[in-house]
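Subject: Structure handover

Hi,

Here is the structure for you to look through. Please open it first, then read my notes below.

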Amino acid sequence: MPTPSLILHGGAGNIPDDTLQEHADGCRQAAQIAWDLLSRGGPALDAVEAAVRVLEDDPTFNAGHGACLTRDGDIEMDAILMDGATLNAGAVGAIQRVKNPVAVARLVMERTQHCLLVGAGAEAFARSQGIPVWPTQNLITERRLARWREAQPGGGQRSETSVRETAGHDTVGAVALDVNGHVAVATSTGGIDNKLPGRVGDSPLIGCGAYADDALGAASATGWGESLMKTVISKSACELIAGGATAQQAAEAVIRHLDERVNGRGGIIVVDRQGRVGYAFNTPRMACAWVTPEGSIRAEC
Ligand code: GLY
């Protein structure tokens with residue numbers, strides 16, 4: 001019987017010094033809740049969803065409550081959940097007015113024949129499944145509003161490079177292996193600061209923001225979505241595992257490729273089917289937490 005395993009992230013980017021502790025604490029809390037499920041024999045799919053719901057509810061992170069704002073000052077969120085046992089996946093793109101996008105992604109996976117619903121259609125589907133309206137003002141935080149104001153004309157707008165280097169990339173994600181040998185992944189995000197309305201990033205795209213296959217492992221990405229998409233980073237990490245890389249080697253290799261091939265910035269977490277975890281990033285910081293082989297939770301930022 002495999003030993004369960006878990007690693008999660010609270011995003012890669014230029015995480016400010018004064019929020020390091022809250023990022024680490026938030027990751028630790030999410031890891032604890034997911035680990036309680038996994039260590040009692042629960043499914044990897046439930047564990048990654050539970051972890052991401054905690055991170056979505058925590059205003060520290062750019063997902064759910066605390067998501068960054070579009071150019072128009074609105075909130076549009078992306079999320080995905082993928083089951084390594086079946087390769088089934090559910091995702092939402094540019095969804096509005098829901099508290100937990102990852103929960104809607106799970107409903108897409110379990111109650112539709114589709115993999116991805118976007119925009120008004122995704123929101124209508126959520127309502128049809130009994131997900132209540134969660135007003136946008138309940139998702140917006142003062143910190144995100146201040147960043148949005150700064151990005152408006154006359155608000156001290158930064159250069160494109162500066163925005164790319166420092167924008168809120170702190171997407172959240174989790175990957176896990178359960179006692180039955182199944183892997184799963186969940187990823188959720190508000191996207192990037194000041195994005196165009198309708199922009200969908202890498203997070204809800206299979207193979208980009210997330211990938212899980214019991215035969216390989218699972219990965220969740222964070223960072224500048226346009227670059228992560230171009231390198232299909234999560235599937236690439238899993239393919240490297242198939243070629244003999246450890247989870248750590250795979251994580252390092254895809255971040256190196258991201259940098260060299262498209263000058264991309266981001267991070268990734270990986271678990272292989274033996275339960276070994278790895279992570280890598282080329283941003284100033286990445287928040288993450290994982291369970292050590294001895295069963296204790298470590299959080300870093
Ligand atoms: N990686 C999150 C995004 O670019 O939307």
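**What I found**

E22 is partly exposed, with a relative accessible area of 30%. Keep in mind that this is a predicted model.

Start with the charged pairs. E22 forms a salt bridge with R143, and the N to O distance is 2.9 Å. This pair links distant parts of the chain. E22 sits in helix α1 (residues 20–39), R143 sits in helix α5 (residues 142–151), and 121 residues separate them. R143 is partly exposed too, at a relative accessible area of 39%. Side chains of opposite charge can pair when their charged atoms come close.

How many salt bridges are there by the rule used here? The count comes to 16.

Next, look at helix α3 (residues 101–111). E110 and R106 both lie in this helix. They are four residues apart, about one turn of the helix. Their side chains meet in a salt bridge at 2.9 Å, N to O. E110 is partly exposed, with a relative accessible area of 47%. R106 is buried, at 14%, because buried means under 20% relative accessible area. Both residues also belong to a network of salt bridges, which links D46, E49, R53, R106 and E110.

Another pair is D259 with R265. Their closest N and O atoms are 3.5 Å apart, and they form a salt bridge. D259 counts as partly exposed at 32% relative accessibility. R265 counts as buried at 16%.

Now a charged residue without a partner. D83 lies in strand β2 (residues 77–83). Which side chain of opposite charge is nearest to D83, and how far away is it? It is R106, at 7.4 Å. D83 has no salt bridge, yet D83 is buried. What does D83 touch, leaving aside its neighbours within four places in sequence? D83 is in contact with L45, N88, M109, V183 and A212.

You will find T187 in strand β6 (residues 183–189). T187 is buried, with a relative accessible area of 0%. The T187 side chain reaches the backbone oxygen of G209 at 3.0 Å.

Last, the ligand. Which residues surround the ligand? They are T171, T189, G191, I192, R199, G201, D202, S203, G223, G225 and L228.

- T171: a polar side-chain atom lies 3.5 Å from a nitrogen atom of the ligand.
- R199: an N or O atom in the side chain is 2.6 Å from an oxygen atom of the ligand.
- G225: a backbone N or O atom lies 2.9 Å from an oxygen atom of the ligand.

How much of the ligand's accessible area does the protein cover? On its own, the ligand has 200 Å² of accessible area, and the protein covers 100% of this.

Best wishes

Notes. Residues are numbered from 1 along each chain as its sequence is written. This is a predicted model: local features need pLDDT of at least 70, side-chain atom pairs count only at pLDDT 80 or more; totals for chains, interfaces and linings use all residues. Side-chain values use heavy atoms; hydrogens and water are left out. Helices (H or I, at least four residues) and strands (E, at least two) are DSSP runs, numbered from the N terminus. Buried means under 20% relative accessible area, exposed over 50%, partly exposed in between (1.4 Å probe, protein chains only). Lys and Arg count as positive and Asp and Glu as negative; His and the chain ends are not counted. A salt bridge is a side-chain nitrogen of Lys or Arg within 4 Å of a carboxyl oxygen of Asp or Glu. Contact means heavy atoms within 4.5 Å. A residue is near a molecule or strand if one of its heavy atoms lies within 4 Å of it. A polar contact is a pair of N or O atoms within 3.5 Å; within protein, one must be able to donate a hydrogen and the other to accept it, and residues adjacent in sequence count only if both atoms are side-chain atoms. Accessible areas come from the Shrake-Rupley method with a 1.4 Å probe; for residues, only the protein chains shown count as cover.
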